Structures are given as C-alpha cells and as structure tokens.
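Open the model in your viewer and keep the selection tool at hand. We will go from stop to stop, picking a few residues each time and looking at what surrounds them.

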Amino acid sequence: MSRPEKKVFPSALTVRPVMSYRDMGDFIEVPWLIYADDPVWVPPLRLERRFHFSKYNPFLQHGEWQAWVAYQNNIPVGRISAQIDELHRERYGNDTGHFGLLECIDDSEVFHALVLHAESWLAARHTRVITGPFNLSINQECGILVDGYDHPPAVMMPHSARWYPRLLAEQEYYPVKDLLAYWIQVDFEPPRIMQQLIKRHSNRIHIRTIKRKQFSREIEILRDIFNDAWSENWGFVPFTQTEFAELGNSLKYLVPDDYIQIAEVDGYPAAFMAALPNLNEIFAELNGRIFPFGWLKLIQKIRKHAIHTARIPLMGVRKQFHNTSLGVALACMVIDAPRKSGIARGVREVELSWILEDNKSMRGILENIGSKEYKRYRIYGKTL
C-alpha cells in the first residue's frame with residue numbers, strides 16, 4: 001500500500017508597512033533570523049534600535065522614511081526601508097532617494113516584494129535615482145558587505161548576508177561606490193617618511209585632546225572640520241548640528257579624552273581624529289539585551305581595559321590642506337597621537353573605516369603605516 005502524498009502548502013507572503021510599536025518590534029527582530037547561523041554577526045542592542053528608529057532621530061529634521069516587514073506564514077523573514085533626505089536632494093537633485101536597513105532570507109520572491117514596496121514609495125515622492133543601503137543616511141551605517149565576511153563587524157559598522165549582492169543584481173541594482181575598512185596593529189613603527197613629515201611641520205602643528213569642560217564647543221569644532229574636510233567627497237551630506245551633538249553625547253561617556261585628538265596649525269583647528277572602543281566585543285555577548293546586567297558588564301569591561309580593539313570612525317583634515325605635505329603631516333599626527341594611550345588601555349588592533357576606494361591619498365597613508373584592507377562594502381544604485 002503506497003503512502004499518501006504529503007501535501008505542500010504554498011507559503012503566504014505579505015509585506016506590511018511598519019505602523020505600530022509591535023510592527024517595529026518585528027522589524028528590529030528580523031536580523032536574529034537572518035544571522036542565526038552566522039558566528040561573526042554581532043546583535044545590536046534592541047533598546048538602542050528602538051531609539052534610533054523613533055521620532056527622536058535627528059535625521060527626521062531633514063528627512064522622512066518608511067519601513068516594511070515581509071512575512072511568510074506570519075513569520076518575519078525580511079525588511080527594508082525607503083527614505084528621502086532633503087539635504088541630499090539639495091546637493092544632488094530633487095529626484096534622489098535611498099533604500100536601507102535591508103535584511104532578507106535567501107529568497108528572490110521575498111526580496112522582490114520588499115524592493116517593490118520601497119521603490120513604489122520612493123517613486124510616489126518623485127524619485128528617479130535610488131542608492132543605498134543607508135541606515136538611514138550616509139553619515140550612519142551604510143553599504144552591503146561584499147568582502148570580509150569572516151571577520152565580525154566593528155562598532156557602528158554593518159554586517160551582511162552573502163546572498164545580498166546576487167539578489168540586488170536580480171532587481172537590476174548596479175554597483176555605485178565601494179567603501180573600505182582597514183585593520184592595523186597599534187604597535188606599528190611609523191615609517192621614516194612619516195617621521196620626516198612630522199618633524200618638518202611640528203613647529204606649526206599642535207596636537208591636543210578634547211577639552212571636556214567645553215565639550216559642546218569642541219564638538220562643534222569637530223563638526224566644522226568634518227563638514228569642510230569631506231565636502232567634496234562622493235555622496236557627502238553635511239552633519240547637522242543636532243546630528244553631531246547626538247553623536248557627541250554617545251561619545252562623551254564611552255570615550256576617554258585622549259581618544260579624540262585635534263590638530264591645530266598656528267593655533268587654528270585644522271584636523272581631528274576620533275576613536276571608539278570596539279563595544280561590539282561586549283555586545284556580542286549580550287544578544288541585544290542591555291538589561292538587567294548588560295550595563296554592568298559594559299562598564300566593568302571599559303574600566304578594566306578589557307576591550308582589545310577599537311575603531312576610528314571619524315577623521316578629517318581641512319580642505320585647504322589637502323594635497324599638501326602639511327596636510328599629510330596633519331593626518332599622520334592625529335592617527336599616531338592616541339597610539340600610546342590605546343596600548344596602555346589594552347587596545348592591540350584598530351579598524352579605520354570607512355574609506356572611499358578612490359581616496360588614494362588616505363589609502364596611501366594607511367598602507368604606508370602597515371594597515372591592510374580587510375573589508376569592503378558596496379553602495380548600489382538603480383534608475384527607475
């Protein structure tokens with residue numbers, strides 16, 4: 001007697017906009033499904049994600065966004081966002097828009113449904129040129145990881161599933177720009193040419209740490225340098241005062257003073273570098289939960305110098321010094337200045353990210369001091 005055939009029921013696929021607190025919970029939880037078997041993925045803090053996606057995000061002062069979650073048989077299996085950034089449109093045209101926060105199972109149908117919703121929302125807002133992913137802007141996490149899957153992401157850097165480039169290509173998205181992450185041992189010996197440049201210009205350059213008692217004013221100095229230094233880079237959108245102040249507040253309680261270095265030329269702030277302890281070393285152990293004991297573990301590890309890696313997410317040299325030996329000296333000095341304090345705090349290795357692939361001058365500096373490209377992220381685009 002033959003066995004009865006097993007009935008196979010088609011999966012019910014739906015895509016729903018995020019409209020409620022519960023919807024946002026599903027949106028936040030999707031990565032736990034996607035990366036369940038990925039040993040290097042670092043879960044974000046759920047509480048921080050809730051705040052980031054709330055009405056308090058300063059991005060909303062110049063942008064709008066919408067998120068969606070894809071469900072198969074009522075199980076969240078994918079997500080996407082679409083956003084309009086008015087500051088971006090002011091610089092690059094009123095027909096630009098972005099997608100972001102992309103996570104999806106390896107399923108072309110689900111991926112297509114998500115992309116279709118994002119594209120339809122953007123088209124309704126007169127978007128013709130789409131780029132991404134940006135989470136939510138270029139000044140936050142951005143890019144799809146395309147090389148370096150075997151290394152865990154550093155703090156405030158994304159991780160991606162290996163199938164995203166293929167699924168994006170199926171939806172006719174093309175590569176636009178590559179962003180690089182470099183890795184270096186902090187006990188490197190500065191090359192002779194670097195030492196000579198520093199010596200040649202040291203009489204004009206003064207390196208100092210941030211002045212904690214004037215923190216708000218100092219953060220404005222950093223923002224002014226950054227916006228000037230990056231103003232001609234691909235995709236640049238200026239940091240607003242509110243956005244940079246929020247970033248500064250997150251640094252204020254987690255970053256030692258000497259992790260932020262300011263270089264002055266003849267008394268004028270000309271360059272800076274800000275480093276972060278790689279908190280992902282701790283977040284990897286918390287599975288997204290800061291309560292009840294996550295905060296305690298975080299504070300203890302920072303105080304005991306138990307975080308052994310760091311990341312340099314922000315760095316800039318004023319535009320007037322670009323392509324000059326003085327500009328190179330400024331970059332070398334702000335990179336070199338915090339090394340001894342980092343080593344004293346137990347830091348052994350540092351990520352420098354991200355760097356535009358075509359930023360040959362900065363890549364040259366980093367490679368001359370012994371750093372190696374170890375991750376590559378890609379921005380994709382599409383014309384509707």
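For this tour, a residue is buried when its relative accessible area is under 20%, exposed when it is over 50%, and partly exposed in between, using a 1.4 Å probe and protein chains only. Helices (H or I, at least four residues) and strands (E, at least two) are DSSP runs numbered from the N terminus. The model is predicted, so local features are given only at pLDDT of at least 70 and side-chain atom pairs only at pLDDT 80 or more, while totals for chains, interfaces and linings use all residues. Residues are numbered from 1 along each chain as its sequence is written, and side-chain values use heavy atoms, with hydrogens and water left out.

**Stop 1: helix α13**

Start by selecting residues 360–368, which form helix α13. Show the side chains of Met 362, Arg 363, Ile 365 and Leu 366, which are buried. Looking down the axis of α13, you will find these buried residues within an arc of 160 degrees, so they line one face of the helix; the arc is that of the directions from the helix axis to the C-beta atoms. Now turn to the face of α13 directed away from the buried side, where Lys 360 and Asn 368 are exposed.

What packs against the buried residues of α13? The list is β9 (174–185), β13 (309–317), α11, β14 and β15 (372–383), with contact meaning heavy atoms within 4.5 Å. Before moving on, click on Gly 370, which follows α13 and has a positive phi near 100 degrees.

**Stop 2**

Two packed helices are described by the angle between their axes and the distance between the axes. Here the axes are lines fitted to C-alpha atoms, for helices over the stretch in contact, and angles run from 0 to 180 degrees between N-to-C directions. The axes of α11 and α13 come within 11 Å and cross at roughly 45 degrees. That makes α11 oblique to α13; angles under 35 degrees count as roughly parallel, over 145 as roughly antiparallel, 65 to 115 as roughly perpendicular and the rest as oblique.

Show Val 328, Ala 331, Cys 332 and Ile 335 of α11 together with Met 362, Ile 365 and Leu 366 of α13 to see the contact. By class, this contact has 7 nonpolar, no polar and no charged residues. In this classification, Ala, Val, Leu, Ile, Met, Phe, Trp, Tyr, Cys and Pro are nonpolar, Asp, Glu, Lys and Arg are charged, and the others, Gly among them, are polar.

**Stop 3**

α6 and α11 pack at about 110 degrees, with their axes 9 Å apart, and that makes α6 roughly perpendicular to α11. On the α6 side, the contact is made by Met 194, Leu 197, Ile 198, Arg 200 and His 201; the α11 residues include Leu 326, Val 328, Cys 332 and Asp 336. By class, this contact has 8 nonpolar, 2 polar and 2 charged residues.

**Stop 2: Val 30**

Move to helix α1 (residues 21–34) and pick Val 30. At 1% relative accessibility, Val 30 counts as buried. Leaving aside residues up to four places away in sequence, Val 30 touches Val 69, Pro 76, Val 77, Gly 78, Arg 79 and Glu 103. The C-alpha atoms of Val 30 and Val 69 are 8.3 Å from each other, and the two residues are 39 residues apart along the chain.

**Stop 3: backbone details**

Most residues other than glycine have a negative phi, and most peptide bonds are trans. Where are the exceptions to look at here?

- Asn 135 and Leu 136 are joined by a cis peptide bond, with omega about 15 degrees; Leu 136 is in the loop between β6 (134–135) and β7 (141–142).
- Ser 353 to Trp 354 is also a cis peptide bond, with omega near -10 degrees; Trp 354 lies in strand β14 (residues 349–356).
- Asn 73, in the loop between β2 (63–72) and β3 (75–85), has a positive phi of about 50 degrees and, at 46% relative accessibility, counts as partly exposed.
- Met 156, in the loop between β8 (144–147) and α5 (164–170), has a positive phi of about 65 degrees and counts as partly exposed at 40% relative accessibility.
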